[in-house]
Amino acid sequence: MSDLIGVEECESLPVKQVQDLYRRYVSRSQVNLMTTFGFGRELVERAEGAHIWTRDGRRILDVTGGVGVLNHGHNHPRIVAARRRFAERGRMEVHKAFFSPYVAALSHNVAALLPGDLNISYFPNSGAEANEGAVKMAYKYHGGRRGTILRADISFHGKTLGAGSLTGSSENSFRFPGLPGIVVYPYGDVAAVGAPGGPAPPPPGGGPRQGATRRPVTPCSGAAGW
């Protein structure tokens with residue numbers, strides 16, 4: 001076990017070794033893609049707010065929002081302080097056999113902010129899980145009477161089998177099994193949803209729609225692409 005990499009050693013790894021480890025143990029194609037577009041050629045030393053500092057001292061304005069999950073910025077001082085206080089007091093993370101006062105309070109606050117009777121919260125671990133929960137809720141709402149889900153031809157809803165079958169991407173070269181009754185409409189073309197014959201069935205592999213034959217569909221019971 002002497003070849004294991006510890007935290008201190010990890011933080012000093014050169015970028016070439018990080019890329020090599022990615023190629024060997026994570027994804028060779030990810031390294032090829034990122035470096036082709038000029039990314040992934042330097043490592044981040046620290047991040048704060050909307051800025052990232054690379055190891056060579058450059059400051060970069062980060063406008064990506066961490067693919068939508070870091071819209072509060074990097075290492076926000078209020079969040080860091082809450083995390084530090086949580087650890088110092090030895091608080092317990094969410095447990096399966098105990099109620100969490102944090103979940104209870106958060107769900108109350110969300111309900112207070114949302115309009116109308118939107119007062120039930122579901123806190124998943126990922127966007128894919130959230131989308132699958134939404135689809136399950138739509139199925140249940142219709143009592144199983146509707147089984148068609150519309151998705152855009154360039155949509156992305158996740159990479160699990162269920163959410164992945166709602167995703168239209170040219171990167172999906174392998175046709176995994178997925179949800180039945182999925183039909184596709186061109187992104188941004190709302191008129192195609194109500195056109196005679198309805199949207200088209202998804203192409204093999206879940207890629208973009210290209211000249212597929214349309215077929216009649218039942219009313220939509222799921223979310224469209226974004």
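In strand β2, W53 is the bridge partner of R46. This pairing belongs to a predicted model, in which local features need pLDDT of at least 70, side-chain atom pairs count only at pLDDT 80 or more, and totals for chains, interfaces and linings use all residues. Residues are numbered from 1 along each chain as its sequence is written, and side-chain values use heavy atoms, with hydrogens and water left out.

Strands and helices are DSSP runs, numbered from the N terminus: E over at least two residues for strands, H or I over at least four for helices. Two strands are taken to pair if DSSP finds at least two bridges between them. Strand β1 spans residues 44-48 and strand β2 spans residues 51-54. The two pair in the antiparallel sense over 4 bridges. V44 stands opposite T54 in β2. The hairpin of β1 and β2 has 2 residues between the strands. Within this hairpin, G49 takes a positive phi near 60°.

The sheet as a whole is open and is formed by 3 strands in the order β1-β2-β3. Its pairing is antiparallel. Strands β1 and β3 (59-61) stand at the edges, each with a single partner strand, so one side of each has no neighbour in the sheet. Neighbouring strands of this sheet are turned by 25° against each other on average, direction ignored. For such angles, axes are lines fitted to C-alpha atoms, for helices over the stretch in contact, and values run from 0 to 180 degrees between N-to-C directions. In general, strands of a sheet pair through backbone hydrogen bonds, either parallel or antiparallel.

Salt bridges were assigned where a side-chain nitrogen of Lys or Arg lies within 4 Å of a carboxyl oxygen of Asp or Glu. By this rule the count is 4. Accessibility was classed by relative accessible area: buried under 20%, exposed over 50%, partly exposed in between (1.4 Å probe, protein chains only).

R46 is partly exposed, at 42% relative accessibility. E48 is also partly exposed, at 46%.

A further salt bridge links E42 with R58, the closest N and O atoms being 3.1 Å apart. This pair connects distant parts of the chain, 16 residues apart. E42 sits in the loop between α3 (28-36) and β1, and R58 in the loop between β2 and β3. Both side chains fall in the partly exposed class, E42 with a relative accessible area of 30% and R58 with 41%. Salt bridges that share partners join E42, D56 and R58 into one network.

In helix α2 (residues 15-25), D20 and R24 are 4 residues apart, and about one helical turn separates them. Their closest N and O atoms lie 3.7 Å apart, forming a salt bridge. D20 is partly exposed, with a relative accessible area of 33%. R24 is exposed, with 54%.

Most residues other than glycine have a negative phi. N75 is not a glycine, although its phi is positive, at about 50°. N75 lies in the loop between α4 (65-68) and α5 (77-88). The residue is partly exposed, with a relative accessible area of 46%.
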